[in-house]
Amino acid sequence: MAQRYLIRTYGCQMNEHDSERIAGLLEGDGMVPAEGTDDADVIVLNTCCIRENADNKLYGTLGYLKSLKDDRPDLQIVVGGCLAQKDRELIQERAGHVDVVFGTHNVHRAAELMAEAREHGPILEILEETAADYLASFPTALPAKRDLPYASWVTIQIGCDNNCAFCIVPAVRGPEISRPFGELVAEVERLAAAGVLEVTLLGQNVNSYGRDLTTRLRTIDAGPADTYEAGEAWAIDERRRPRPLFADLLRAVGSIDGIERVRYTSPHPKDLRPETIAAMAETVAVCEHLHLPLQSGSDRILAAMHRGYTAARYLERLDAAVAGVPDLAVSTDIIVGFPGETEDDFEATLEVAAAAEYDYAYTFQYSPRPGTEAADMVDRYVDPATTNDRYERLRTVVERSARAKHQARIGRRERVVVEGPSKRDPSVTSGRTRQNKLVHFTAPQPLKPGTQADVVVVDAAAHYLMGEFREVVAVPRYRTHIPVTAAGVETPAPH
Ligand code: SF4
């Protein structure tokens, strides 16, 4: 009988994407998904150290899994991801029943490490940096098993060169490395050929995509490899502009036949360039949605966070994007209660949030991540009651603009891509607009995920719209199983 696996994912889209790749690798080895912990032969915890109390939650889960392993010694327990990269041997010291620990630079080795552990006993493999064969470590260069068959994430860069005081990503994911332009275009072409209509370009700081590629390429003569590495628009430009490769990438990916929606996350406000806004406006497939993390509206706190922009500069760039891209939806991330945040600082955040008129926002109460600069600012921690109060006040402001933005859409005919039955009520169908708005509606017949349908918006809440079905405009083209293999990745021409 085929072995069964279960993957629990914590954290961000990058981790969810890594988990899809791990699932793809395990299914490539003949495994099938388990229903739950009881019928799983392998349990993988793909950890994240960005979320609050990540370590407590991990060790709590591992404690529960120990009793399962005591009953079934063949059960394999695997821990990967950011927290594994950070805690390393501590994991097996605190939880001796863990069979495999791997980090963020060797996701592609997950299945091999599990096989080795079955033969030789527990393994810990954490790489300090992305290996020379780094292409293999990009999650999208590995086989994938996707939750939504018509949509795919495409990792365009890994790591981050910034040093935001609250963030552990640079420490656990390393410096920025961009995937070659030609490889990304080839990958999206393969996805489109297999029926994928929507791609989301993923990176910690997508607007600095290509900085490492062009820094290297500027020192050499132009050659055919430049087009592969950095795209034709960059290679043929005699001025050898330093960037914006990301805008070039948006245009290239958005012009691939069959790709109807291109999304990306996340751009850093300090790197959002006019060329990116122009590429969004001029490339039909690029969706009218910008997720632009604010984090704080206080210049004093932004400086303490090392964000590299002021509130005025943020709003200037946001205004340029809103003016440049018609019907643009805007979302953000905001932290309240960062160490040293005063009432005046917080009110500045409220003012920026009100001025930005967000469609939605991910708001967080600050909590320290061990190993970050902000975690050491203990003497400036804001007390939890104050943080909680500010969080609620911010939520009220964001929900006000979200509701108003949604209500303004009532009466409009919107094109949605169907995600499937609503989680709350399976008789209701859910889909997303280009602005990433969730729309619930009743369809006359079951619609497959990936179906494009027109609905008229009839009601609105802060977090979703209600629609009335009008017509199906396109049915999905994907096959049930879409293989994406590293074998299809082209190698660059030699310099
Ligand atoms: S830009 Fe800042 S918040 Fe984003 S991943 Fe890099 S260090 Fe973290």
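Predicted model: local features only at pLDDT ≥ 70, side-chain atom pairs only at ≥ 80, totals over all residues.
Me: How many helices and strands does the protein chain have, and how does its radius of gyration stand against the globule rule?
Reply: The secondary structure of the protein chain comes to 17 helices and 19 strands. For 495 residues the globule rule gives 23 Å, and the protein chain is close to that value, so it is as compact as a globular protein of that length. The radius of gyration of the protein chain is 23 Å.

Me: What share of the contacts in the protein chain with a separation of 6 or more comes from residues 24 or more positions apart?
Reply: The C-alpha trace of the protein chain spans about 60 × 60 × 55 Å along its principal axes. Within the protein chain, buried residues make up 47% of the 495 residues. Of the contacts with a separation of 6 or more, the share from residues 24 or more positions apart is 73%.

Me: How many residues of strand β4 are buried, and which way do they point?
Reply: Strand β4 covers residues 76-81 and is mostly covered. Gln-76, Val-78 and Gly-80 point one way, whereas Ile-77, Val-79 and Gly-81 point the other way, and all are buried. The count of buried residues in β4 is therefore six of six, a residue being buried if 20 or more other C-beta atoms lie within 10 Å of its own.

Me: Which residue of β5 stands opposite Val-79?
Reply: Strand β4 pairs with β3 (residues 42-47) in the parallel sense over six bridges, and there Asn-46 stands opposite Gly-80. Strand β5 (residues 100-102) also runs parallel to β4, joined to it by two bridges. In β5, the residue opposite Val-79 is Val-101.

Me: Is Pro-267 buried or exposed?
Reply: Pro-267 lies in the loop between β11 (261-265) and α13 (274-282). Leaving aside neighbours within four places in sequence, Pro-267 is in contact with Val-206, Asn-207, Leu-272 and Leu-292. Because 23 other C-beta atoms lie within 10 Å, Pro-267 is buried.

Me: What is the C-alpha to C-alpha distance between Pro-267 and Asn-207?
Reply: Pro-267 and Asn-207 are 60 residues apart in sequence. Asn-207 is among the residues in contact with Pro-267. Their separation in space, C-alpha to C-alpha, is 5.3 Å.

Me: How many charged residues are in the shell around the ligand?
Reply: The residues that surround the ligand include Cys-160, Asn-162, Cys-164, Val-169, Pro-170, Gln-204 and His-268. By class, the shell has five nonpolar and five polar residues. The number of charged residues in the shell is given as no charged residues.

Note on methods: Residues numbered from 1 in each chain as written. Buried ≥ 20, exposed ≤ 12 C-beta atoms within 10 Å, placed from the backbone. Helix = DSSP H or I, 4+ residues; strand = E, 2+ residues; numbered from the N terminus. Pairing = 2+ DSSP bridges. Contact = placed C-beta atoms within 7 Å. Near = placed C-beta within 6 Å. Nonpolar A, V, L, I, M, F, W, Y, C, P; charged D, E, K, R; others polar. Rg over C-alpha atoms; globule rule 2.2 N^0.38 Å.
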